[in-house]
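Good morning, and thank you for making time for this presentation.

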Amino acid sequence: MSESYQTRECDVLVIGAGGAGLRAAIAAAQAGCSTLVVSKSLLGKAHTVMAEGGIAAGLANLDTPDSWEVHFADTMLGGQLINNWRMVDLYSREVIDRVYELERWGGLFDRTDDGLIMQRAFGAHSWKRLCHVGDRTGLELIRTLQDKMVHTAGTEVLMECTLTRLLTHGDRVCGAFGYLRNTGELIVIRAGAVVMASGGWGRMFRYTSNSWEGTGDGAAMAYEAGAELQDMEFVQFHPTGMIWPPGARGILVTEAVRGEGGILRNSEGERFMERYDPVKKDLSSRDVVARSIYKEVVAGRGSPHGGAFLDIASRRSAADIRKRLPSMCDQFEALAGVDISKEPMEVGPTIHYTMGGIRVDAETGASTVPGLYAAGEAAAGLHGANRLGGNSLGDILVFGRRAGAAAAESAKSLGAKPAVSQKQLAGAEADVLLPLAHDLGEKAENSYVLHRALQEAMQDDAGIGRSEESLSRALTAIGELTERSTRMRAGGGRVLNPGWHTCRDVLSMLTVSEAIVRSATARRESRGSQWRFDFPEKDAHLGQINLVARKRGGAMKVEERALVPMPDDVVTRLARSRFFDPAALPSHYAGKVPAPGPEAH
Amino acid sequence: MAGALPQGSDAVPQPGAGLFSPVDGPPTPESGLTGETITLRVFKGQPGGEMGYATHEVPEVTGMVVLDAVHWVQRNQDSDLACRWNCKAGKCGSCSAEVNGRPVLMCKTRIDTLPRGPVTVQPMKSFPLIKDLVTDVSRNYETNKLIPPFTAAPDDGTPWRIQQMDIDRLYEYRRCIECFLCQDVCHVNRTHDLSARFFGPRFFVRVASLEMHPKDILDRRDLLHDQGGLGYCNITKCCTEVCPEDIHITDNAIIPLKERVADAHWDPVQWVARKLRGSSAKTGERAADK
Ligand SMILES: Cc1cc2nc3c(=O)[nH]c(=O)nc-3n(C[C@H](O)[C@H](O)[C@H](O)COP(=O)(O)OP(=O)(O)OC[C@H]3O[C@@H](n4cnc5c(N)ncnc54)[C@H](O)[C@@H]3O)c2cc1C
Ligand code: SF4
Ligand code: SF4
Ligand code: FES
């Protein structure tokens with residue numbers, strides 16, 4: 001190392017202070033481990049705070065036929081059966097406990113007349129299932145966890161710190177390296193085990209509901225350390241983002257608007273979802289609704305700014321709308337000057353969520369690299385090819401807790417923490433400081449310009465619909481940008497310098513974009529969020545595998561991993577979903593599900 | 001941009017084509033550029049170095065908010081201009097600053113609602129400056145640690161029954177997005193720097209959310225009186241005026257807490273009686289405050 005740096009030591013390092021990271025930290029500290037939580041933003045500002053609609057759990061408080069089994073079935077069917085069924089099983093059972101736990105930690109939920117937790121309808125969920133408080137559920141969840149965490153002995157928080165590299169000893173992860181955003185100081189954290197809870201990535205696309213944090217650092221770091229990135233082709237377009245005014249484009253309009261009765265119309269006033277999905281209509285799964293809006297726009301029936309109209313004003317009373325969707329009312333009034341209790345909203349698809357991520361073991365969240373665990377949006381497997389709304393807030397609680405507990409066990413069994421390799425540190429330091437160091441004159445590249453160019457390439461060629469041709473264009477663009485990224489130069493100093501920070505973000509986004517494009521190319525079929533113009537149908541073989549991207553000999557390779565098939569008694573559960581269609585069952589499961597019983601309808 | 005329709009496709013053009021119009025380019029109704037420019041005066045600098053205002057001419061876009069203008073400057077003119085932001089939708093409380101002297105969220109402040117003429121953006125005054133628009137708000141997180149967390153009585157674990165009425169009351173406090181604008185504007189922080197002995201409005205709201213929770217069993221009134229410095233608040237209501245979440249900080253949090261503290265300190269017998277009556281008394285009393 002050429003300069004001094006801060007050092008920290010802990011049993012468990014949790015990277016990320018969203019719901020997954022906070023829940024993991026609570027579990028690790030409760031297991032007796034000293035736990036350090038690191039986040040790029042201030043505490044309480046992660047994506048989790050922005051979640052609106054609610055958390056899905058089969059409490060059956062309103063719709064008595066609901067249960068964890070139906071939740072299991074809906075989640076598997078929504079994911080087009082390439083989810084890790086074992087994860088879905090654990091998830092649908094345990095999310096119920098996690099919701100009640102949250103309430104006992106002080107979290108609020110809206111109530112039924114009987115005083116139980118209220119639940120609302122959401123896309124592709126058979127029954128009213130989303131526990132919520134108004135349309136601010138994420139705020140409630142993160143604040144509750146934040147308070148629980150800071151008051152749990154053994155936890156410590158380091159805010160506004162960007163980690164850039166996982167440190168390894170042999171093949172085991174033993175800590176991380178990064179910088180403090182506010183001072184530019186470098187930091188080394190030694191840890192017995194690491195939980196990657198760094199969230200998803202939307203920022204490589206131009207229109208996204210994600211904040212500046214969603215650059216995929218965690219996936220990129222894990223990839224560099226040898227982990228497998230699974231299902232990277234599956235990127236969720238949320239059907240309803242704001243599209244006007246331009247500055248607000250991409251900001252989310254919660255699905256709760258449709259859950260509370262809102263419907264989509266085209267420029268001719270037609271409720272077009274009746275045509276695309278006569279059963280679920282406006283509450284079809286997100287991939288279907290997003291594509292339908294897209295098709296309406298392409299057919300010339302779009303709204304003035306190229307989207308659709310979302311109308312709740314004619315469906316509910318103004319008082320109901322203000323009561324149930326207060327922050328949506330506020331958002332449209334402040335940003336668009338639209339009163340949603342009187343007028344329709346203009347909406348269009350926005351990049352929202354990443355189903356893919358670090359490949360993990362269902363029970364423990366262990367990645368394929370020893371000492372590295374992952375949970376929440378950074379991990380893959382629960383949602384398959386398409387996530388249902390409300391399943392992410394549950395995901396982060398169930399698997400955050402599991403990963404935190406497993407990482408604690410791993411750290412405790414380790415004994416002494418291994419030494420950190422000076423060579424690795426020197427390399428990590430050189431990478432981080434490079435954009436400030438060299439003077440390339442004319443050849444220097446601006447990180448904002450590269451970021452914008454990457455967004456154009458990904459939005460246009462690896463977005464809602466893809467083809468061999470568009471994906472190869474995207475890959476070429478990524479190759480060129482990767483080359484140019486070696487010449488990124490940032491003016492200014494090390495204290496809070498966003499131009500410099502963006503250099504780092506661009507590198508993460510390039511790695512993750514490459515994984516998205518390579519995986520999307522290899523998946524020569526349409527399934528869930530992956531829509532291939534050149535392969536519009538499902539492929540039987542691809543329905544039995546996941547794709548993983550991993551580093552081999554310095555280059556990215558995409559490989560197949562066979563899915564563990566559901567045992568027969570589990571396949572039967574699928575019939576519990578109201579949306580189960582035996583004809584759509586892939587051949588390897590065909591004939592294993594009896595005709596749907598009466599309780600399913 | 002998008003190429004031709006690939007063969008054998010679903011009879012729809014390539015992604016990107018026409019779905020969204022670009023924001024850059026000539027002023028047209030689609031691009032949203034109005035053809036006007038905005039003069040933005042942004043505070044720039046850090047302690048120990050040069051400090052002052054830099055002026056930028058920013059192309060105006062329909063519906064532009066102050067944060068958009070700051071981002072435009074970052075991308076096009078001053079790549080190391082520092083600000084905080086996350087959600088860009090008024091939900092996270094990151095982008096607090098003072099715009100034309102008023103503490104606001106930059107992402108919710110539309111330029112077209114401000115008087116024509118230069119727009120001045122500066123960091124929150126009551127917190128130590130780090131750089132440009134970013135201040136050190138860490139003391140808020142330290143204050144929060146002093147407040148004993150939600151604590152319920154042990155029970156058999158059956159799901160709780162709580163009335164929606166109670167949730168509605170508490171929800172006002174829970175809406176807080178921790179933007180710290182109220183902390184910024186409060187004169188106790190601004191002019192007297194009693195921060196070590198004064199929680200400030202944000203944390204009075206926090207304590208209220210705990211104290212009024214029907215299932216919480218702790219009593220935080222001594223804490224409020226002593227360490228919390230509730231007495232320093234002289235109900236100027238400045239905090240309520242700036243709260244972007246429209247929380248009635250003074251009327252619905254501070255004043256009821258002051259009444260409770262007064263009870264505790266002057267009439268302990270009544271307090272014990274109330275605690276014994278249990279949780280319904282807690283909320284019943286809250287209703288009477290309104
Ligand atoms: C607008 C919006 C609305 C949503 N609504 C819903 C909903 O209603 N229901 C639902 O179930 N889901 C919803 N989601 C999805 C859900 O909120 C997220 O998927 C979930 O909160 C992710 O949680 P997480 O803990 O995995 O990650 P995040 O909350 O994204 O947190 C990631 C953390 O990692 C940190 N981090 C990242 N990189 C680094 C690094 N290099 N160094 C240090 N720290 C790092 C970040 O600072 C952050 O603290 C919504 C998402 C958005 C954006
Ligand atoms: S009402 Fe009290 S807390 Fe609010 S600004 Fe005035 S003195 Fe400060
Ligand atoms: S009470 Fe209002 S002003 Fe104060 S921190 Fe919370 S949201 Fe901001
Ligand atoms: S960026 Fe979240 S409140 Fe402004």
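**Strands, loops and an interface**

In chain B, strand E1 (residues 33–45) and strand E2 (residues 51–61) run antiparallel and are joined by ten bridges. Before I go further, please note that this is a predicted model, in which local features need pLDDT of at least 70 and side-chain atom pairs count only at pLDDT 80 or more, while totals for chains, interfaces and linings use all residues. Residues are numbered from 1 along each chain as its sequence is written, chains are lettered from A and ligands numbered from 1 in the order in which they are written, and side-chain values use heavy atoms, with hydrogens and water left out.

Two conventions apply to the strands. Helices (H or I, at least four residues) and strands (E, at least two) are DSSP runs, numbered from the N terminus. Two strands pair if DSSP finds at least two bridges between them.

Returning to that pair, Ile38(B) stands opposite Val58(B) in E2(B). E1(B) and E2(B) make a hairpin with five residues between them, and in its turn Gly48(B) has a positive phi of about 85°.

Next comes strand E3 (residues 96–99) of chain B.

E3(B) has antiparallel partners. Four bridges join E3(B) to strand E4 (residues 102–105) of chain B, where Pro103(B) is the bridge partner of Glu98(B). The hairpin of E3(B) and E4(B) has two residues between the strands, and Asn100(B) takes a positive phi near 50° there. Two bridges join E3(B) to strand E5 (residues 119–122) of chain B, also antiparallel, and Val99(B) stands opposite Val121(B) in E5(B).

I turn now to the loops. In chain A, a cis peptide bond joins Trp244(A) and Pro245(A), with omega about 0°. Pro245(A) is placed in the loop between strand E11 (235–242) and helix H6 (256–259) of chain A.

Which residues other than glycine take a positive phi? One of them is Ala60(A), with phi near 60°, in the loop between strand E3 (55–56) and helix H2 (68–78) of chain A. Ala60(A) counts as buried because its relative accessibility is 18%. Another is Ile235(B), with phi near 55°, in the loop between helix H7 (221–225) and helix H8 (238–242) of chain B. Ile235(B) counts as partly exposed, because its relative accessibility is 32%.

A further loop of chain B, between helix H2 (138–146) and helix H3 (164–174), holds Asp156(B). Asp156(B) has a relative accessible area of 65% and is therefore exposed. Its side chain joins that of Thr158(B) in a polar contact of 2.8 Å. By polar contact I mean a pair of N or O atoms within 3.5 Å; within protein, one must be able to donate a hydrogen and the other to accept it, and residues adjacent in sequence count only if both atoms are side-chain atoms. The C-alpha atoms of Asp156(B) and Ile167(B), eleven residues apart along the chain, are separated by 22 Å.

Finally, the interface. The contact (heavy atoms within 4.5 Å) takes 84 residues from chain A and 79 residues from chain B. The two chains bury about 7,000 Å² between them, 55% of it on carbon and sulfur atoms. Lys45(A), Arg104(A) and Phe533(A) supply 10% of the area that chain A buries against chain B, more than any other three residues. Buried area is the accessible area (1.4 Å probe) that two parts lose on being put together, summed over both.

Nine salt bridges are found across the interface of chain A and chain B, each a side-chain nitrogen of Lys or Arg within 4 Å of a carboxyl oxygen of Asp or Glu. Glu178(B) and Arg143(A) meet in a salt bridge, at 3.9 Å from N to O.

Technical notes:
Buried < 20%, exposed > 50% of the residue type's maximum accessible area, 1.4 Å probe, protein only.
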